[in-house]
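Work through the exercises below with the sequence and the model open. Each task is followed by a solution in steps.

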Amino acid sequence: MNDSEGRASQLLADDHRELDRKFEVFQATPVSEVVSRRERFDRFANDLRRHIEVEERLLFPIFGEGDRSRRALVDRLMEEHRRIETALEAIRHRLDAGSAPTGEGETELVNVLWEHNAREEGAVYPWFDTHLSTDRAREVTQDLRSSAPRQKEA
Ligand SMILES: [Fe+2]
Ligand SMILES: [Fe+2]
(Lines give C-alpha, C1' and ligand atoms only; values in the text may rest on other atoms or scores of the structure.)
(Ligands and ions follow the chains in the order given, each with its own letter.)
Protein backbone atom coordinates (compact mmCIF):
# COMPACT_ATOMS: atom_id res chain seq x y z
CA MET A 1 0.00 0.00 0.00
CA ASN A 2 1.64 3.28 -0.95
CA ASP A 3 1.75 6.49 1.06
CA SER A 4 -0.77 8.37 -1.03
CA GLU A 5 -3.44 5.87 0.00
CA GLY A 6 -2.47 5.83 3.69
CA ARG A 7 -1.46 2.83 5.70
CA ALA A 8 -3.79 -0.17 5.88
CA SER A 9 -3.41 -0.36 9.67
CA GLN A 10 -4.52 3.26 9.99
CA LEU A 11 -7.51 2.82 7.70
CA LEU A 12 -8.71 -0.22 9.66
CA ALA A 13 -8.14 1.36 13.08
CA ASP A 14 -9.98 4.46 11.87
CA ASP A 15 -12.90 2.23 10.96
CA HIS A 16 -12.92 0.89 14.55
CA ARG A 17 -13.07 4.47 15.87
CA GLU A 18 -15.89 5.32 13.46
CA LEU A 19 -17.83 2.27 14.67
CA ASP A 20 -17.19 3.28 18.31
CA ARG A 21 -18.62 6.68 17.49
CA LYS A 22 -21.77 5.19 15.94
CA PHE A 23 -22.26 2.96 18.98
CA GLU A 24 -21.91 5.98 21.29
CA VAL A 25 -24.53 7.85 19.25
CA PHE A 26 -26.89 4.90 19.77
CA GLN A 27 -26.12 4.73 23.50
CA ALA A 28 -26.69 8.46 23.90
CA THR A 29 -30.21 8.20 22.45
CA PRO A 30 -32.90 8.22 25.16
CA VAL A 31 -34.70 4.89 25.65
CA SER A 32 -38.01 6.69 25.02
CA GLU A 33 -36.97 7.44 21.42
CA VAL A 34 -37.73 3.94 20.24
CA VAL A 35 -37.53 4.55 16.47
CA SER A 36 -34.30 6.60 16.60
CA ARG A 37 -32.65 4.07 18.86
CA ARG A 38 -33.52 1.30 16.47
CA GLU A 39 -32.28 3.24 13.44
CA ARG A 40 -29.04 4.23 15.12
CA PHE A 41 -28.44 0.71 16.32
CA ASP A 42 -29.05 -0.68 12.82
CA ARG A 43 -26.63 1.83 11.32
CA PHE A 44 -23.94 0.76 13.77
CA ALA A 45 -24.69 -2.97 13.51
CA ASN A 46 -24.76 -2.97 9.68
CA ASP A 47 -21.42 -1.17 9.50
CA LEU A 48 -19.88 -3.49 12.09
CA ARG A 49 -21.10 -6.52 10.15
CA ARG A 50 -19.58 -5.09 6.99
CA HIS A 51 -16.26 -4.49 8.78
CA ILE A 52 -16.27 -8.12 9.99
CA GLU A 53 -17.20 -9.41 6.53
CA VAL A 54 -14.33 -7.46 4.89
CA GLU A 55 -11.85 -8.79 7.44
CA GLU A 56 -12.94 -12.38 6.94
CA ARG A 57 -13.10 -12.21 3.14
CA LEU A 58 -10.15 -9.99 2.20
CA LEU A 59 -7.73 -9.90 5.14
CA PHE A 60 -7.75 -12.91 7.44
CA PRO A 61 -7.15 -15.53 4.72
CA ILE A 62 -3.88 -13.83 3.67
CA PHE A 63 -2.80 -13.26 7.25
CA GLY A 64 -3.35 -16.86 8.30
CA GLU A 65 -1.80 -18.46 5.21
CA GLY A 66 1.17 -20.72 5.85
CA ASP A 67 1.84 -19.73 9.44
CA ARG A 68 0.47 -21.78 12.29
CA SER A 69 0.52 -19.09 14.99
CA ARG A 70 -1.08 -16.50 12.72
CA ARG A 71 -3.68 -19.10 11.75
CA ALA A 72 -4.45 -19.72 15.45
CA LEU A 73 -4.88 -15.99 15.97
CA VAL A 74 -7.32 -15.83 13.02
CA ASP A 75 -9.33 -18.71 14.55
CA ARG A 76 -9.57 -16.78 17.80
CA LEU A 77 -10.60 -13.54 16.05
CA MET A 78 -13.27 -15.38 14.04
CA GLU A 79 -14.64 -16.88 17.24
CA GLU A 80 -14.85 -13.38 18.67
CA HIS A 81 -16.67 -12.23 15.53
CA ARG A 82 -19.33 -14.87 16.21
CA ARG A 83 -19.66 -13.65 19.80
CA ILE A 84 -19.99 -10.06 18.55
CA GLU A 85 -22.73 -11.13 16.13
CA THR A 86 -24.57 -12.97 18.92
CA ALA A 87 -24.42 -9.86 21.11
CA LEU A 88 -25.73 -7.71 18.22
CA GLU A 89 -28.62 -10.13 17.74
CA ALA A 90 -29.46 -10.04 21.46
CA ILE A 91 -29.62 -6.23 21.45
CA ARG A 92 -31.68 -6.25 18.28
CA HIS A 93 -34.22 -8.62 19.83
CA ARG A 94 -34.54 -6.38 22.87
CA LEU A 95 -35.07 -3.36 20.60
CA ASP A 96 -37.75 -5.28 18.69
CA ALA A 97 -39.54 -5.69 22.00
CA GLY A 98 -40.06 -1.91 22.20
CA SER A 99 -38.42 -0.04 25.04
CA ALA A 100 -36.92 -3.11 26.71
CA PRO A 101 -33.55 -2.35 28.33
CA THR A 102 -30.51 -3.38 26.27
CA GLY A 103 -27.82 -2.72 28.88
CA GLU A 104 -26.83 -6.34 29.41
CA GLY A 105 -26.31 -6.95 25.68
CA GLU A 106 -24.38 -3.68 25.38
CA THR A 107 -22.04 -4.66 28.20
CA GLU A 108 -21.36 -8.06 26.60
CA LEU A 109 -20.74 -6.39 23.23
CA VAL A 110 -18.39 -3.76 24.63
CA ASN A 111 -16.44 -6.40 26.57
CA VAL A 112 -15.81 -8.57 23.51
CA LEU A 113 -15.33 -5.72 21.05
CA TRP A 114 -12.84 -3.71 23.08
CA GLU A 115 -10.42 -6.61 23.49
CA HIS A 116 -10.99 -7.80 19.95
CA ASN A 117 -10.20 -4.42 18.40
CA ALA A 118 -7.12 -3.98 20.59
CA ARG A 119 -5.88 -7.44 19.51
CA GLU A 120 -6.38 -6.63 15.84
CA GLU A 121 -4.74 -3.22 16.08
CA GLY A 122 -1.77 -4.58 18.05
CA ALA A 123 -1.08 -7.96 16.45
CA VAL A 124 -2.79 -8.07 13.05
CA TYR A 125 -3.30 -4.75 11.27
CA PRO A 126 0.38 -3.61 11.27
CA TRP A 127 1.28 -6.77 9.30
CA PHE A 128 -0.86 -5.53 6.42
CA ASP A 129 1.17 -2.37 6.03
CA THR A 130 3.86 -4.46 4.36
CA HIS A 131 1.87 -7.47 3.08
CA LEU A 132 -1.11 -6.05 1.24
CA SER A 133 -1.04 -5.62 -2.54
CA THR A 134 -2.21 -2.27 -3.88
CA ASP A 135 -5.18 -3.94 -5.57
CA ARG A 136 -6.27 -5.71 -2.41
CA ALA A 137 -5.81 -2.53 -0.36
CA ARG A 138 -8.02 -0.67 -2.81
CA GLU A 139 -10.67 -3.36 -2.54
CA VAL A 140 -10.60 -3.19 1.28
CA THR A 141 -10.96 0.59 1.20
CA GLN A 142 -13.84 0.47 -1.27
CA ASP A 143 -15.71 -2.26 0.53
CA LEU A 144 -15.37 -0.63 3.95
CA ARG A 145 -16.84 2.54 2.52
CA SER A 146 -19.65 0.98 0.52
CA SER A 147 -23.09 1.82 1.81
CA ALA A 148 -24.62 -1.63 2.05
CA PRO A 149 -23.11 -4.76 3.60
CA ARG A 150 -22.52 -7.61 1.17
CA GLN A 151 -24.65 -10.56 1.99
CA LYS A 152 -22.82 -13.72 2.89
CA GLU A 153 -23.51 -16.52 0.47
CA ALA A 154 -25.96 -19.00 1.95
FE1 LIG B 1 -12.53 -8.15 13.67
FE1 LIG C 1 -11.58 -5.01 13.06
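**Exercise 1. The contact of α1 with α2**

Task: list the residues in α1 and in α2 that meet, then describe how the two helices pack.

Solution. Step 1: on the α1 side the residues are Asp 15, Leu 19, Lys 22, Phe 23, Val 25 and Phe 26. On the α2 side they are Arg 37, Arg 40, Phe 41, Arg 43, Phe 44, Asp 47, Leu 48 and His 51. The model in which these contacts are found is predicted.

Step 1: sorted by class, the residues of this contact are 7 nonpolar, 1 polar and 6 charged.

Step 2: helix α1 covers residues 8–27, and its axis comes within 8 Å of that of α2, crossing at roughly 160°. An angle over 145 degrees counts as roughly antiparallel, so α1 is roughly antiparallel to α2.

Step 3: the crossing of α1 with α2 is left-handed.

**Exercise 2. The contact of α2 with α3**

Task: find the angle and the distance between the axes of α2 and α3, and state which residues make the contact.

Solution. Step 1: α2 spans residues 34–64, and it packs against α3 at about 165° with the axes 11 Å apart.

Step 1: α2 and α3 are therefore roughly antiparallel. Their crossing is left-handed.

Step 2: α2 contributes Arg 37, Arg 38, Phe 41, Ala 45, Leu 48, Ile 52, Glu 56, Phe 60, Phe 63 and Gly 64. From α3 come Arg 70, Arg 71, Val 74, Leu 77, Met 78, His 81, Ile 84, Leu 88, Ile 91, Arg 92 and Leu 95.

Step 3: the class count for α2 with α3 is 13 nonpolar, 2 polar and 6 charged residues.

**Exercise 3. The contact of α2 with α6**

Task: determine whether the crossing of α2 and α6 is left-handed or right-handed, and describe the contact.

Solution. Step 1: the axes of α2 and α6 (residues 134–145) lie 10 Å apart, at an angle of about 165°. The two helices are therefore roughly antiparallel.

Step 1: the crossing is right-handed.

Step 2: His 51, Val 54, Leu 58 and Leu 59 of α2 meet Arg 136, Glu 139, Val 140, Asp 143 and Leu 144 of α6. This contact has 5 nonpolar, 1 polar and 3 charged residues.

**Exercise 4. The position of Ala 100**

Step 1: Pro 126 is 26 residues from Ala 100 in sequence, and the C-alpha atoms of the two are 40 Å apart in space.

**Exercise 5. The whole chain**

Task: give the helix and strand counts, then compare the radius of gyration with that of a compact globule.

Solution. Step 1: the protein has 6 helices and 0 strands, in the order α-α-α-α-α-α along the sequence.

Step 1: for 154 residues, a compact globule would have a radius of gyration near 15 Å. The protein has 16 Å, which agrees.

Step 2: along the principal axes, the C-alpha atoms fill a box of roughly 50 × 30 × 30 Å.

Step 3: 25% of the 154 residues count as buried. Of the contacts between residues at least 6 apart in sequence, 68% join residues at least 24 apart.

Definitions and conventions:
Residues are numbered from 1 along each chain as its sequence is written. Chains are lettered from A and ligands numbered from 1 in the order in which they are written. This is a predicted model: local features need pLDDT of at least 70, side-chain atom pairs count only at pLDDT 80 or more; totals for chains, interfaces and linings use all residues. Axes are lines fitted to C-alpha atoms, for helices over the stretch in contact, and angles run from 0 to 180 degrees between N-to-C directions. Helices (H or I, at least four residues) and strands (E, at least two) are DSSP runs, numbered from the N terminus. Angles under 35 degrees count as roughly parallel, over 145 as roughly antiparallel, 65 to 115 as roughly perpendicular and the rest as oblique. A crossing is left-handed if the near helix is turned anticlockwise from the far one by less than a right angle, and right-handed if clockwise. Two residues are in contact if their C-beta atoms, placed from the backbone, lie within 7 Å. Ala, Val, Leu, Ile, Met, Phe, Trp, Tyr, Cys and Pro count as nonpolar, Asp, Glu, Lys and Arg as charged, and the others, Gly among them, as polar. The radius of gyration is taken over C-alpha atoms; the globule rule is 2.2 Å times the number of residues to the power 0.38. A residue is buried if 20 or more other C-beta atoms lie within 10 Å of its own, exposed if 12 or fewer, and partly exposed in between; C-beta atoms are placed from the backbone.
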